[in-house]
Amino acid sequence: MTEKMHELAPHHLPFFIPKADGSDQMMVTVLIALIVIILLLGTFYLYLHSLPERLAHKHGRIQFELVAVLGLLALFTHNQIFWVAALVLAFIQLPDFMTPLETIASSASKAARKYAGRDDAGATANSEPDEIPEEEEFEAPPPAAEAVKEPASEPAPDQAIKEKV
């Protein structure tokens, strides 16, 4: 006995209606699309969170580490103010504080070695250290009234050349 389809039943069913064997084509399609979308959104989210770090690579090591820490704080705490701070810090070039400090420390070290060497050479431990020689005094320029003198008459160019020779 063969069963006939009901006369009111459609002859063609859409693909999203499950088949009689229990397979659901629409569920499989949506599941694959959902997995792909979640992976793409996660990749974009992590790429966006690493943006300040990639921008800070061209700056100094300390600034890069600070931006990286702020980026991780933003990633794990979901406080986006940390990410904004990291992004702003990545765009700003911080001034170099270490070079002048290292120069000062180097100069102080040289002065200390020079001073210690002078104590070892001639001075005793109880004697007072030699005085540091004072710099030459700077002569102030003459007052403005004396500095500006108008010549009575300018010499001819030939005379000026002869005077210089």
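# A tour around helix 3

Start just after helix 3, at His-78, where phi is positive, about 60 degrees. Helices here are DSSP runs of H or I with at least four residues, strands are E runs of at least two, and both are numbered from the N terminus. This is a predicted model: local features need pLDDT of at least 70, side-chain atom pairs count only at pLDDT 80 or more, and totals for chains, interfaces and linings use all residues. Residues are numbered from 1 along each chain as its sequence is written, and side-chain values use heavy atoms, with hydrogens and water left out.

**Stop 1: His-78.** Stay on His-78. It lies in the loop between helix 3 and helix 4. His-78 has this positive phi although it is not a glycine. Most residues other than glycine have a negative phi. His-78 is exposed, with a relative accessible area of 53%. The classes are buried (under 20% relative accessible area), exposed (over 50%) and partly exposed (in between), with a 1.4 Å probe and protein chains only.

**Stop 2: the whole chain.** Zoom out and colour by pLDDT, the predictor's confidence in each residue, from 0 to 100. The protein chain averages 77, and 70% of the residues score at least 70. Which elements have the lowest and the highest mean pLDDT? Helix 6 (residues 144–147) has the lowest, 54, and helix 1 (residues 25–49) the highest, 93. Now switch to cartoon. The protein chain has seven helices and zero strands. Buried residues make up 10% of its 165 residues. Of the contacts in the protein chain with a separation of 6 or more, 45% join residues 24 or more positions apart; contact means heavy atoms within 4.5 Å.

**Stop 3: helix 3.** Select residues 61–77, which form helix 3. This helix has 17 residues and reaches 24 Å from its first C-alpha to its last, close to the 24 Å expected at 1.5 Å a residue. The expected span is 1.5 Å times one less than the number of residues.

Next, show the side chains. Gln-63, Val-67, Ala-68, Leu-70, Gly-71, Ala-74 and Leu-75 are buried. Why are they on the same side of helix 3? They cover an arc of only 165 degrees around the axis, so they fall on the same side. The arc is that of the directions from the helix axis to the C-beta atoms. The buried residues of helix 3 pack against helix 1, helix 2 (51–56) and helix 4 (80–91).

**Stop 4: helix 1 against helix 3.** Helix 1 and helix 3 pack at an angle of about 145 degrees, with their axes 10 Å apart. Axes are lines fitted to C-alpha atoms, for helices over the stretch in contact, and angles run from 0 to 180 degrees between N-to-C directions. Pick out Tyr-45, Leu-46 and His-49 in helix 1; they meet Gly-71, Ala-74 and Leu-75 in helix 3.

**Stop 5: His-49.** Centre on His-49, in helix 1. Is His-49 buried or exposed? His-49 is buried, with a relative accessible area of 7%. Leaving out residues up to four places away in sequence, His-49 touches Gly-71, Ala-74, Leu-75, Gln-80 and Trp-83.

**Stop 6: Asp-24.** Finish at Asp-24, in the segment before helix 1. Asp-24 counts as partly exposed, at 24% relative accessibility. Show Phe-16 and Pro-18 too: Asp-24 touches both, not counting residues up to four places away in sequence.
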